[in-house]
Amino acid sequence: MAEQAVQTKPAIRVENLDLYYGEKQALYNVSMDVAENSVTALIGPSGCGKSTFLRTLNRMNDLIPGVRIEGNIELYGKNIYDRDIDVEMLRKEVGMVFQAPNPFPKSIYDNVAYGPRIHGITSKKKLDEIVEKSLRQAALWDEVKDRLKDRATGLSGGQQQRLCIARALAVEPEIVLMDEPTSALDPISTSKIEELVQELKEKYTIVIVTHNMQQAARVSDKTAFFLNGELIEYDDTNTLFSNPGNKKTEDYITGRFG
Ligand SMILES: Nc1ncnc2c1ncn2[C@@H]1O[C@H](COP(=O)(O)OP(=O)(O)OP(=O)(O)O)[C@@H](O)[C@H]1O
């Protein structure tokens, strides 16, 4: 019997996605599959729709008045825009890390324990375990283990961003969305986050918006190039950067515009 190729289901499947802010269309017929345990980078010039697209994946655009979405987004085969979707649960499954580190004005411990507490975990022992595990996963534990009760806002910018990653991981998401997570950070903190992204894909599926093409090339398995709300090219990162299939991609990655 002929050997059959193993078909792995994508973690995320986007089909024919259009998004409008009022009258203005910001995404045009975007389709994309994202494989589990991979890093996907979204690149493109300012205003091309990268952040808008990222936010559709955990329905963060729902919070913006006048947004209209057509098309389908499935997470493990389930349409996340179905009526019966619990958006709170969706955002637990699909965590998010933002451009500027935004820890709560609470202790380091309470920042990480925040999500688990909201989801009903009260046992001190269990919370201690989650806090330690999440901080370890975010490569921050050793730096903060002796000052968990200190205020998070006293950490450096890079540490705050790793804390925000730990906070996102504490509720055990499947997918982590990152919107330019290093744009406010110095080069050393940036490389720490980049290393971390590589480690995290063992357990999580990561979609990251970046302005920095070198960063996309360093951290991602697949890259999606957006222009004026359209997905122009989506391919293995090596292929997209070394042998782009579209002239517009080539012009962008060689710095002809952007
Ligand atoms: N809340 C909003 N209301 C109306 N229009 C918006 C809103 N957010 C974004 N847009 C518009 O949608 C388009 C895509 O914006 P988006 O922020 O997704 O692009 P981007 O590629 O992430 O840009 P940048 O790299 O500058 O963050 C732009 O034309 C932008 O002006």
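## The shell around the ligand

In this predicted model, two elements, strand 2 (24-34) and helix 1 (50-56), each supply at least two residues of the shell around the ligand. Helix 1 gives the most to this shell, contributing 3 residues.

In total, 13 residues surround the ligand. The closest of them are Tyr21, Ser46, Lys50, Ser51 and Thr52. Sorted by class, the shell comprises 7 polar, 4 nonpolar and 2 charged residues.

## The annotated domain

The UniProt record, an unreviewed entry, places the feature "domain: ABC transporter" at residues 12-253.

Val171 is located in the loop that runs between helix 6 (157-169) and strand 7 (175-179). Is Val171 buried, exposed or partly exposed? Val171 has 19 other C-beta atoms within 10 Å, and a residue counts as buried only if 20 or more lie within that distance and as exposed if 12 or fewer do. Val171 is therefore partly exposed.

When neighbours within four places in sequence are left aside, Val171 is in contact with Lys92, Gly95, Gly115, Pro116 and His119. Glu70, by comparison, is 101 residues from Val171 along the chain, and the C-alpha atoms of these two residues are separated by 29 Å.

Technical notes:
Residues are numbered from 1 along each chain as its sequence is written. This is a predicted model: local features need pLDDT of at least 70, side-chain atom pairs count only at pLDDT 80 or more; totals for chains, interfaces and linings use all residues. UniProt positions are given in the numbering used here, feature names are shortened, and annotations may be inferred rather than shown by experiment. A residue is near a molecule or strand if its C-beta atom, placed from the backbone, lies within 6 Å of it. Helices (H or I, at least four residues) and strands (E, at least two) are DSSP runs, numbered from the N terminus. Ala, Val, Leu, Ile, Met, Phe, Trp, Tyr, Cys and Pro count as nonpolar, Asp, Glu, Lys and Arg as charged, and the others, Gly among them, as polar. Two residues are in contact if their C-beta atoms, placed from the backbone, lie within 7 Å.
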